[in-house]
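Good morning, and thank you for joining.

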Amino acid sequence: MMNRLFQGIWINAGETMIPLVLESRPAPWLRKEFECGKFQKAVIRLCGLGFHELYVNGHKADDRVLAPNTTLFDRRASYIDYDVTTLLHSGLNAVAVLLGNGWYNCFNHSNEERAPWRDWPKLRCDILLDGVVIAKSDLSWKWHDSALVFDSLRCGELYDARRELPGVSLAGFDDSAWHPVGRAMSAGGELVPEDEEPCRVVQTLEPVDFAMIAPDRIVYDFGINIAGWCEIEVSGKAGAEVTLLHGEQRRTNGSVTVEEIGRITCGAPFQTDRYILKGEGREYYHPRFSYHGFRYAEVKIPPDAELHHIQAQVVRTAFRRTGEFTSSSAMLNTLQEITCRSYEGNFVGFPTDCPHREKNGWTGDAQLACRTGCWNYQTQKAYRHYLRMLTDVQRRNGQLPGFTPTAGWGYNWGSGPAYDSALFEISYQLWLFFNDTEILREMYASMRRYIDFCFDMEESDGILYFGLGDWCHPESAAMQSAELFSTAYYFQDVERLAKFAALLEKTADAASYTALAERIRQNFLAKFRHADGSFGNGGESALAAALYFGLAGGDAPHTATLLADAVRRHGHRAHFGILGAKYVPRMLARYGCVDDAFEVITQPEFPGWGHWVKQGATTLRENWNEQDSLNHIMFGDISGWMYEVPGGIVPQEEGAGFRRFRLAPQFPQKLEHCRAVYDSVQGRITSEWLRCAEKIEYRFTVPEGGIAELHLPGTAPECVTGSGKRVFHFSTEAASKVP
């Protein structure tokens, strides 16, 4: 007889019909009382979909929020093993679970409302003492509507405190008027343990300013753009309603506007939380199953209520910070800060494009920001989770959509090799940074299917003509057509698959994919290379792409000169979109033009990163002109550039996981000092330099068990370990030589 992961069955609030397109209902409490004997360890194994909160004998089980992390529920559903040893006791105990809609019953967005998994929230649960199930989810549980009358992932919540049920998770609570639960169907996916860090509140912010814009309305400014929610402390008459509208921008009259970011939701006010007082002294509220992207909160307070305190709580996946970069450039430091803030705001369970309008896991944004994420955070588990979400939406022919999760939209628009390469890019970076060969093994079959799909999509000239190109270019007429980038990513993906095959000892595959990569290279050169060493339309992104993907060959030095000339001709203003934003600064630095790269990143005129800072940005924007979202991460590779170029820490394939790496800092003339710190899986790496007159003092630390190849201008390369210091004379000529 087969063993079952759960002895308990799926149960819900007595619902058997699939919810209608725009239908919601109050979040239900499901509860159970049970007896415990003596025990050493107690665990509650719980899968609660969409989001849930577990309470045991009057206490929340732990500090995670928005649990579990999102999956493709008809492919996988995550369960959590809660250690409740300190919460249970001998005798009568009680548990209560609050269920919210989350991504499982997402009804305010046209993509998810048609999801094949969509259903009313449900749970499955076992309660174990020393590994033995002593209680489980069954038809003896009861349910009741909670005070959370409405919860929507994007639109917010309505909480009516008059409907609270004090003591709901305490033994002896009177649930005689409660309803019997219903037997529910499975979500459809395999039950798997939670495989990444949970979401948590990681920071609390007080308002830096406020303005009363009407007798009953106050707008609070929290100083920075975040993902999260507000917590309020209020008092007043029972039935009084406080409303909180969250947004990134204010109108000229000071009120909060969500016009730029709220256009694609329907059926309820966007990013709006409402709290109805119960009228019992000081009351506290924050959302449970919704989060927002915002800097400002507009609070409407009726005359019969008083707001005593408000704070913003920052929510994100609680991975550990691993990197630190500082320098003498205030602009560079600010860009590092706001890039990390954008990255955090767009990683609430999985990588997203923005924390408000869509909250979608766009693959292009994820792959472009992946290296930055690996420098600044311990992202291995989180990216493994996202890759599994991505392969769960892969079609049998290998095709991928432009984002995950998806209910079916995004396969025939919004995807393409530049975005789909997230499957390869994230896997590659996990191997490079963490020596994670297991993820290569796990993703290998999906990668093969995707390359088969691209092979099938080739035109007669061997070029791929589908997909998105250099998105969000400041001058649409100057954009390079997408096929150059699609074919270049196709080449890189095949080249990497050949590398992965060799690592996994799949010799025949390695040879086959190496040959295919060479054929794609020749097709690319025949289509896009010109006699003068330029590529495509000669724009910055096209030139930099040929260099970045190693497709320029012997033309590379001249192509790099053309790139530098184009950058200078545009006055170091950004003349590229999200793809060029990764290639251009890196290729300028690689080919001896680090000062030009520094100018592109820091110059304060439109368009460019520095212009955003000049305009007061606290997160990266979606567009150079600052329209639409004000918190996007797709222009965020500049943080990775900082660690690798002025910081000089460069991971190497030979010795993945920082068993072997390069220390090869470059020295922009406008930079006086720089310090990069990275806590690798081998240990801490530091790379720090200070300009003193005509000399530079360089200090470094190599972790035990690691070897660094030291490359400094005017000196012979050497292998170093431990801590060290080098002082060398500096000249403009030396600075222009790439280590």
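Let me begin with a term: a residue is called buried when its relative accessible area is under 20%. The model before you is a predicted one. By that criterion, strand β8, residues 122–129, is mostly covered, with 8 of its 8 residues buried. Both faces are covered: Lys122, Arg124, Asp126 and Leu128 lie on one side, and Leu123, Cys125, Ile127 and Leu129 on the other.

Which strands pair with β8? Strand β3, residues 42–49, runs antiparallel to β8 and is joined to it by 8 bridges; Cys47 has Arg124 of β8 as its bridge partner. Strand β1, residues 11–12, also pairs with β8 in the antiparallel sense, over 2 bridges, and here Ile11 stands opposite Leu123. Strand β9, residues 132–136, makes 4 antiparallel bridges with β8, with Ala135 as the partner of Ile127. β8 and β9 form a hairpin with 2 residues between them, and Asp130 in the turn has a positive phi of about 50 degrees.

I turn now to helix α1. This helix covers residues 330–345 and reaches 22 Å from its first C-alpha to its last, close to the 22 Å expected. α1 is mostly covered, since 12 of its 16 residues are buried, including Met331, Leu335, Ile338 and Tyr343.

Finally, the surface. Trp409, Trp413 and Trp471 form a nonpolar patch there, with about 350 Å² of accessible area together. Trp409 is found in the loop between α3 and α4. With a relative accessible area of 44%, Trp409 is partly exposed.

How values were computed:
Residues are numbered from 1 along each chain as its sequence is written. This is a predicted model: local features need pLDDT of at least 70, side-chain atom pairs count only at pLDDT 80 or more; totals for chains, interfaces and linings use all residues. Side-chain values use heavy atoms; hydrogens and water are left out. Patches are made of residues with over 30% relative accessible area and no salt bridge: like charges are joined within 9 Å, nonpolar side chains (Val, Leu, Ile, Met, Phe, Trp, Tyr) within 5 Å. Accessible areas come from the Shrake-Rupley method with a 1.4 Å probe; for residues, only the protein chains shown count as cover. A salt bridge is a side-chain nitrogen of Lys or Arg within 4 Å of a carboxyl oxygen of Asp or Glu. Buried means under 20% relative accessible area, exposed over 50%, partly exposed in between (1.4 Å probe, protein chains only). The expected span of a helix is 1.5 Å times one less than its number of residues. Two strands pair if DSSP finds at least two bridges between them.
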